[in-house]
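Have the structure open and look for each residue as we get to it.

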Amino acid sequence: MTDTKELPHVQLKEIPRTLRSRTQSTPERNSEFLQELRKAKSGWYGLWYRCLTLSEEYRHCCGNEGKGRLKHMYGDFGDVVDMRFDQWWQRVGRYLFAERKEVPQVKVYDRRSDLEEISNLRDKIVIEVPLTLRKSTVVRQINKALKQAYEGREVVPRQQSTARRRLAKSKLRKETLIKMLDVYELRNRKPDLTLWQLGERAGIELDLQARTTDGQVMTLQQERIRMSIAVSRYLKQARNLIWNATEGIFPSVKELEDTHS
């Protein structure tokens, strides 16, 4: 499992908090950690943890002390069955997702001697700003220079991460993933419900003004068919999401080769 020794001053990209050397607990530090914990639980990290808890294969791996096909995941994420999220985050998660290197920041050099700190110009540009110009003029010229410098570049922050486990590049919205997992969990709890009943219980909202191809308002039966199709899609995406999470790819609902085989 992840080494939980205190890390140097590093940053969690998705959470604007830092891990610092252990110091005496104070109300301020405790408050900071609670804020970090809330952000982590309601964000991507909490959803990844949730997917692992919903994976029967990963739960079996936890019950088998990390043995089996998913031992590589267990080595990083550890036991999510016997640890609540707050325990898991404090002992494992915040170190697993912490940046090992400082996240680059814009720096200001206002003395000639400061320029000696620039060891190379790889992935950087140096801009000289005459402070005798109007601010609006400077901003306009800087924007023009940045536009040229970024020409042809695609900056994907998650791909630049130095964390042990990184979030995947994705356009998925957290709210969509939460709805997928809610439907999936409800299906596990209520296996006898029909698909349209699952959709209603889960609060899935469809366009109530939808019409058929000939312009007629849909009947109740047609609306239930639409709901069933939507729920079926959610369930399939949730299964893919959970499977990919156990493969170390998150968030992703793409169907991988040999999935569920």
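This is a predicted model: local features need pLDDT of at least 70, side-chain atom pairs count only at pLDDT 80 or more; totals for chains, interfaces and linings use all residues.

Which residue does glutamate 36 form a salt bridge with? The partner is arginine 94, and the closest N and O atoms sit 2.8 Å apart. Glutamate 36 belongs to helix H1 (residues 27-42) and arginine 94 to helix H5 (residues 85-96), so this pair ties together parts that are 58 residues apart in sequence. Arginine 94 is buried too, with a relative accessible area of 12%.

## A loop joined to a helix: Arg164 and Asp76

Next up is arginine 164, which makes a salt bridge with aspartate 76. Here the closest N and O atoms are 2.8 Å apart. Arginine 164 is in the loop between helix H6 (135-149) and helix H7 (174-189), while aspartate 76 is in helix H4 (residues 71-77), so the bridge ties together parts 88 residues apart in sequence.

How covered up are these two? Arginine 164 is partly exposed, at 46% relative accessibility. Aspartate 76, on the other hand, is buried, with a relative accessible area of 8%.

## Around helix H9: Lys236 and Glu255

Lysine 236 and glutamate 255 also meet through their side chains in a salt bridge, at 3.9 Å from N to O. Lysine 236 lies in helix H9 (residues 220-246) and glutamate 255 in the segment after H9, so the pair links parts that are 19 residues apart in sequence. With a relative accessibility of 46%, lysine 236 counts as partly exposed.

## The bigger count

How many salt bridges turn up in a search of the whole structure? The answer is 10. Salt bridges can also join into a network, and that's what you'll find with Arg50, Asp182 and Glu185.

Where does valine 129 sit? You'll find valine 129 in the loop between H5 and H6. Valine 129 has a relative accessible area of 33%, which makes this residue partly exposed.

Definitions and conventions. Residues are numbered from 1 along each chain as its sequence is written. Side-chain values use heavy atoms; hydrogens and water are left out. A salt bridge is a side-chain nitrogen of Lys or Arg within 4 Å of a carboxyl oxygen of Asp or Glu. Helices (H or I, at least four residues) and strands (E, at least two) are DSSP runs, numbered from the N terminus. Buried means under 20% relative accessible area, exposed over 50%, partly exposed in between (1.4 Å probe, protein chains only).
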